[in-house]
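Hello,

Here is the structure I promised to pass on to you. Please open it next to this message and follow along.

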Amino acid sequence: MPSVIEINSLDAPQLRPYVACNEIQLKRFFEPELGLFIAESPKVIRLALKAGYEPVSFLAERKYICGQAEDILSACENIPVYTADSDVLTQLTGFKLTQGALCAMRRKPLPDVEAVCKNATRIAVLEDVMNQTNIGAIMRSASAMFIDAVLLTPASSDPLYRRSVRVSMGTVFSMNWTYLDKSSPDYVKLLKDMGFTTVALALHHNTLNIDDPILKSKEKIAFILGTEGEGLKDSTIDACDYTVKIPMAEGVDSLNVASASAVAFWELNKNIRK
């Protein structure tokens with residue numbers, strides 16, 4: 001049986017990951033060692049455990065301990081489980097728990113770019129994408145649409161932030177991803193050196209339509225997407241082999257970056273993998 005601990009005080013130090021820490025503080029929780037992230041909902045927690053992430057503690061609504069989260073907690077019997085009724089947990093966390101369970105988990109070291117890309121033929125690159133919801137949605141689309149890996153520039157938001165994890169429905173745990181090195185700002189050249197055809201998704205001159213046959217003929221493609229609003233940097237677009245666009249109805253010039261990623265990933269792979 002798990003070690004179930006009734007919450008008597010919102011000030012208990014063991015509850016800091018759920019109460020007193022923002023995302024950056026969680027990431028630095030054990031500095032200089034790697035920090036924590038929060039997985040939310042039994043389904044997402046199961047996927048994180050399956051991917052090898054180590055649980056530190058659980059925060060669960062009382063009815064979930066012998067309900068939807070019972071199998072998780074039984075498998076992690078030496079991990080403390082803090083519990084209370086739903087209204088107390090809402091007061092504690094500042095939001096209503098999704099399906100009644102949170103888990104504080106240790107981060108794992110990120111692989112280097114070369115390791116992530118070694119056997120990949122289709123990768124996505126996120127340039128300065130900062131919205132956590134977009135990060136999660138892109139991870140989910142990438143996982144569903146046969147993208148082998150995701151690279152993020154250093155200014156991009158963290159895929160292990162709580163909202164990104166939740167929106168990704170846990171697919172962030174099974175996707176190969178890492179950050180590009182801050183010391184190597186010319187990442188387009190790096191990708192080309194690894195054999196990737198670089199493709200920028202942007203509204204720009206000399207663009208190809210996303211369904212152009214030339215893209216299907218390329219063995220290895222790095223698909224580069226920019227942040228909401230500003231899009232990709234001009235220097236990135238100029239450095240890429242191709243610039244592509246998704247044809248739009250009159251009066252609409254673009255899609256949200258997460259929606260655009262799903263369209264692009266599907267079109268890029270629909271005739272390659274069954």
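Which residue in β12 does A200 stand opposite? A200 faces T243. The two strands involved are β9 (residues 197-201) and β12 (residues 242-245), which pair in the parallel sense over three bridges. Strands here are DSSP runs of E with at least two residues, and helices are runs of H or I with at least four residues, both numbered from the N terminus. Two strands count as paired if DSSP finds at least two bridges between them.

Before you read on, please note that this is a predicted model, where local features need pLDDT of at least 70, side-chain atom pairs count only at pLDDT 80 or more, and totals for chains, interfaces and linings use all residues. Residues are numbered from 1 along each chain as its sequence is written, and side-chain values use heavy atoms, leaving out hydrogens and water.

β12 also runs parallel to strand β10 (residues 208-209), with two bridges joining them. There, N209 has K245 of β12 as its bridge partner.

Now look for the open sheet of five strands, in the order β1-β4-β3-β5-β2 and with mixed pairing. At its edges are β1 (3-6) and β2 (36-40), each pairing on one side only. From one strand to the next, the twist averages 25°; axes are lines fitted to C-alpha atoms, for helices over the stretch in contact, and angles run from 0 to 180 degrees between N-to-C directions.

β1 pairs with β4 (residues 80-84) in the parallel sense, over four bridges, and I5 stands opposite Y82 in β4.

Finally, helix α3 (residues 42-50) lies across β2, β3 (54-61) and β5 (101-106), and runs at about 20° to β5. Contact means heavy atoms within 4.5 Å.

Happy exploring!
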